[in-house]
Structure formats: C-alpha cells, structure tokens
Amino acid sequence: MKQLDYFFNPKSVAIIGASHKPGKLGYVIFSNFVGGLFKGKSYPVNPDTTPILGKKVYKSITQIPNDIDLAIIVVPAQIVPKVLRDCVKKRVKVVIII
C-alpha cells in the first residue's frame, strides 16, 4: 500500500523531459505541477539546464539532491531505458512513462 501512496500523494516529483517550450507536453506537465494544487517539490530534468518557469533544471535525475517519490518520464522511447536506469540509481519509488 505504501507504493500507492507514493503514486497518489508524492512529496517530490521529477519531470524528466520537462520542456522550455510552451505547448510541448513536457512543459505542460511541469507547469501543472508548478502552478497547480501540488504542494510538494517538483524538479524539471532536461539536458538544457536553462531555468523553466523560474525553477532550476537538472541535467539528470541523479543530480537532484533530494529523494524523489515519483518520476514522470516524457522523453523519446529510445532514451527511456537510460532514464529508467538513472531512476533506479536514484531509488525513485514510482515511475510513470508517457
């Protein structure tokens, strides 16, 4: 049951593939966490570390200094295996692949 709590009530979320471009799915998902009802910590992950919506962007989930309950993966399919390996290294509790 604890795993479901990480899914439905995460305290920290990493959006891997967060985008700098409004209208792209990675941007929409990240902006919903930043501007929505989510009260926890949200971390954008993108190779381009230019801030998104005023938030620091991390090149990899492994560089985020805090624990991550939920990772939302919004990257091309060929990159997903590497991202999942990084999530395992980071000990992410739950992953959603879009």
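Trainee: What volume does the largest pocket have?

Mentor: This is a predicted model, and in it the largest pocket has a volume of about 420 Å³.

Trainee: How many residues line the largest pocket, and which lie nearest its centre?

Mentor: The lining is made up of 22 residues. Those nearest the centre of the pocket are G17, V45, N46, P47 and V75.

Trainee: Which helix gives the most to that lining?

Mentor: Helix 3 does, with three residues. Helix 2 and helix 3 each contribute at least two residues to the lining.

Trainee: What does the side chain of N46 reach?

Mentor: The side chain of N46 reaches the backbone oxygen of A18, at 2.7 Å. Leaving aside neighbours within four places in sequence, N46 is in contact with A18, S19, H20, V57, Y58 and K59.

Trainee: What does I61 touch?

Mentor: Not counting residues up to four places away in sequence, I61 touches A14, I16, V45, I68, A71, D86, C87, K90 and V92.

Trainee: Now helix 2. Which of its residues are buried?

Mentor: In helix 2 (residues 25-35), the buried residues are G26, Y27, I29, F30 and F33. They lie on the same side of helix 2, because they cover an arc of only 165° around the axis.

Trainee: What do the buried residues of helix 2 pack against?

Mentor: They pack against strand 1, strand 2 and strand 3.

Trainee: And S42, where is its place?

Mentor: S42 is in strand 2. S42 counts as buried because its relative accessibility is 9%, and the cut-off for buried is under 20%.

Trainee: What does S42 touch?

Mentor: With residues up to four places away in sequence not counted, S42 touches V13, I15, F30, F33 and V34. The C-alpha atoms of S42 and P10 are separated by 9.9 Å, and these two residues are 32 residues apart along the chain.

Trainee: A change of topic: what is phi of L53 near?

Mentor: Phi of L53 is near 50°, which is a positive value in a residue other than glycine. Most residues other than glycine have a negative phi.

Trainee: Where is the place of L53?

Mentor: L53 is in the loop between strand 2 and strand 3. Its relative accessibility is 40%, so L53 counts as partly exposed.

Trainee: What about R91? What is its phi near, and where is R91 found?

Mentor: R91 has a phi near 65°, again a positive value in a residue other than glycine. R91 is found in the loop between helix 3 and strand 4 (94-97).

Trainee: Is R91 buried or exposed?

Mentor: R91 is exposed, because its relative accessible area is 66%, and the cut-off for exposed is over 50%.

Terms used:
Residues numbered from 1 in each chain as written. Predicted model: local features only at pLDDT ≥ 70, side-chain atom pairs only at ≥ 80, totals over all residues. Heavy atoms only, no water. Contact = heavy atoms within 4.5 Å. Buried < 20%, exposed > 50% of the residue type's maximum accessible area, 1.4 Å probe, protein only. Helix = DSSP H or I, 4+ residues; strand = E, 2+ residues; numbered from the N terminus. Arc of directions from axis to C-beta. Polar contact = N/O pair within 3.5 Å; in protein donor to acceptor, adjacent residues only side chain to side chain. 1 Å grid on protein atoms, 1.4 Å probe; cavity = no way out; pocket = protein on both sides within 12 Å on 5 of 7 lines; lining within 4 Å. Points joined across faces, edges and corners; volume = space filled by probe spheres on them.
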